[in-house]
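Subject: Structure handover

Hello,

Here is the structure I promised to pass on. Please open it and keep it beside you while you read.

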Amino acid sequence: MTLTTPAPELPAQPVETSAVPETVARDAREFGAYARTGGWTFALKVARSVRPGGQSADESAKVSAKRFAELAGCSPERVMRFYKAWDTAADDGLVPQFETLEPGVDVELPEADVWLSYYSSRSSATSVRGTAITAAAEAEGIRPTKALEVAENPTALRAAILADPGTAQAARSALLDRIDEDEELRSALARDVAAREELKKAVAGESKVSDRIEFVRQVAEGGQVKTPAGQMIDAPAELRQEAERHLSLLDELDEGDEAGEWAAEAYGTVKTLIQETVDADPELRVAERRTKFYSSLTKATKVFEELTFDDADAGEFYEDDMVQRLEELQGALAACIEALRKAAPTS
């Protein structure tokens, strides 16, 4: 087997333009110009050859965008995207206005990296919707063409969300950011949740977790707690400290962490400590029993007052069980009244 030794690399020698065909030299020059100025090179060809709006053919040697597209073998829409990019840059003072340009005459062009700030290869970028997407993309620090491509292919976006948790998370965050300002989207999402049993259960579960965390937060930060009977009392220092400890653990959870078990533990601990606080104070314990009794009495009274006996004289209304249960209730009330009278302080 014969090995071929590469020839040593020689220093690059300057190439005379006359030593190569003119077509090659022209391509090289045009390539160099494009490498330095990017799309501005082609935008100039459009800007100096296409008539500005309102100018007639008699006033200029330039042609219409439609005619220029025919000569170029492309669509008028593509020509106009270059035209509009130049127009915007001219308004910013970056390039000369159309009226000062002459066919075939070169002008100094901006750097290539500025081109993408003015041009979009997608026709949707010129619509109201495209303009909004472009602005949002720029605010996020990404190229508008990327966002426009996604917007034009929602099926691809759906596939990415279904297949990739990271994409799904990004979509969720975007919807949450948009939902405050988009009433229609907010209503649609609410209907979707209401229509799906699994989502309703999930929402109920998360609401329960949120309520428990808020309960612990109020104890830790507000300094007052509600007893099981509904009394509002000042939280002892040790109770507040324990609530603050649990709250700090909850606040340290990452967004993706499951907070349910942590919230349940914190809630249970604080509730137990509240009950122990009530049990340890004789006066508070009596007040708790009194409050609970009044609460139950109020509920029972309201329920009894809602009973109606308008149809009691009708034969089809009567049931033996009704009288029996009312008699039992009457006996319980009489016993309760008697117990309270015995407990009344003597004057």
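First, the ground rules. This is a predicted model, so local features need pLDDT of at least 70, side-chain atom pairs count only at pLDDT 80 or more, and totals for chains, interfaces and linings use all residues. Residues are numbered from 1 along each chain as its sequence is written, and side-chain values use heavy atoms, with hydrogens and water left out.

**Confidence**

pLDDT is the predictor's confidence in each residue, from 0 to 100. The protein averages 80. A score of at least 70 is reached by 85% of the residues. Be careful with residues 1-17, where pLDDT stays under 50. For that stretch the model has two contacts beyond four places in sequence. Contact means heavy atoms within 4.5 Å.

**Cores**

A nonpolar core is a set of buried Ala, Val, Leu, Ile, Met, Phe, Trp, Tyr and Cys residues joined through side-chain atoms within 4.5 Å. Buried means under 20% relative accessible area, exposed means over 50%, and partly exposed lies in between (1.4 Å probe, protein chains only).

The largest core has 22 residues. Trp40, Val46, Val50, Val79, Trp86 and Trp115 touch the most other members. Helices H2 (40-47), H3 (65-72) and H4 (76-91) each supply at least two residues of this core. H4 gives the largest share, seven residues. Helices (H or I, at least four residues) and strands (E, at least two) are DSSP runs, numbered from the N terminus.

Leaving out residues up to four places away in sequence, Val50 touches Lys62, Val63, Ser64, Ala65, Phe68, Val79 and Tyr83. A second, separate core holds 20 residues, including Phe215, Ala235, Ala266 and Leu284.

**Aromatic pairs**

Rings of Phe, Tyr and Trp (its six-membered ring) pair if their centres lie within 6.5 Å; planes under 30 degrees apart count as stacked, over 60 as edge-to-face and the rest as tilted. The structure holds six such pairs. Phe215 is buried at 19% relative accessible area, while Tyr267 is partly exposed at 24%.

Phe293 and Tyr294 are also edge-to-face, at 6.5 Å and 75°. Phe293 is partly exposed at 36%. Tyr294 is exposed at 51%. Elsewhere, ring pairs link Trp40, Phe82, Trp86 and Trp115 into a cluster.

**Two helices**

The expected span of a helix is 1.5 Å times one less than its number of residues. H11 (residues 237-251) has 15 residues and should span 21 Å; its end C-alpha atoms are 21 Å apart, which agrees.

Which residues of H11 are buried? They are Leu239, Ala243, His246, Leu247 and Leu250. They cover an arc of only 105° around the axis, so they sit on the same side of H11. The arc is that of the directions from the helix axis to the C-beta atoms. On the other side of H11, Glu238 and Gln241 are exposed. The buried residues of H11 pack against H10, strand S1 (224-226) and H12.

H13 (residues 282-305) has 24 residues and reaches 35 Å from its first C-alpha to its last, close to the 34 Å expected. Leu284, Ala287 and Glu288 are buried in H13. The buried residues of H13 pack against strand S2 (232-234) and H12.

Best wishes
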